[in-house]
Amino acid sequence: MEVKIGVQHAPREIVLESGQSAEDVERAVSEALSGKSALLSLVDEHGRKVLVPADRLAYVELGEPAPRKVGFGAL
């Protein structure tokens with residue numbers, strides 16, 4: 001699933017493809033925002049861990065992965 005994370009005072013957002021379920025990502029975000037965890041910790045499809053300080057979160061957007069088109073074709 002595609003996850004977009006907005007960070008306060010940063011001009012760009014963090015975009016990652018995660019193998020975690022939407023419920024797992026939502027649980028991690030709610031724990032970070034409620035103060036149970038000081039960091040939002042997510043793992044992308046390649047096994048890399050992304051850590052964002054909970055007090056710097058502006059927004060988190062959850063979505064389905066967008067299929068990437070390869071080659072030439074008529075639209």
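Is aspartate 44 buried or exposed? At 11% relative accessibility, aspartate 44 counts as buried, where buried means under 20% relative accessible area, exposed over 50% and partly exposed in between (1.4 Å probe, protein chains only). The model discussed here is predicted, so local features need pLDDT of at least 70 and side-chain atom pairs count only at pLDDT 80 or more, while totals for chains, interfaces and linings use all residues. Residues are numbered from 1 along each chain as its sequence is written, and side-chain values use heavy atoms, with hydrogens and water left out.

Arginine 48 is exposed, with a relative accessible area of 52%. By this rule the count comes to 2 salt bridges. Aspartate 24 and arginine 27 also join their side chains in a salt bridge, at 2.9 Å from N to O. Both residues lie in helix H1 (residues 22-34), 3 residues apart, or about one turn of the helix; helices (H or I, at least four residues) and strands (E, at least two) are DSSP runs, numbered from the N terminus. Aspartate 24 is partly exposed at 32% relative accessibility, and arginine 27 is partly exposed at 44%.

Turning to the strands, E1 (residues 2-7) pairs with E2 in the antiparallel sense over 5 bridges, pairing being assigned if DSSP finds at least two bridges between two strands. Within this pairing, lysine 4 has valine 15 of E2 as its bridge partner. E1 and E2 form a hairpin with 5 residues between them, and histidine 9 in the turn has a positive phi of about 60 degrees. E1 also pairs with strand E5 (residues 57-63), again in the antiparallel sense, over 6 bridges. Here isoleucine 5 stands opposite valine 60 in E5.

Glutamate 13 is found in strand E2 (residues 13-17) and is partly exposed, with a relative accessible area of 34%. Not counting residues up to four places away in sequence, glutamate 13 touches Lys4, Ile5, Gly6 and Tyr59, contact meaning heavy atoms within 4.5 Å. With tyrosine 59 there is a polar contact between the two side chains (2.3 Å). A polar contact is a pair of N or O atoms within 3.5 Å; within protein, one must be able to donate a hydrogen and the other to accept it, and residues adjacent in sequence count only if both atoms are side-chain atoms. The C-alpha atoms of glutamate 13 and valine 60, 47 residues apart along the chain, are separated by 9.5 Å.

Serine 18 sits in the loop between E2 and H1 and counts as buried at 2% relative accessibility. A polar atom of the serine 18 side chain lies 3.1 Å from the backbone nitrogen of glutamine 20. Beyond its neighbours within four places in sequence, serine 18 is in contact with Met1, Val3, Val43, Asp44 and Glu45.

Notes
Salt bridge = Lys/Arg side-chain N within 4 Å of Asp/Glu carboxyl O.
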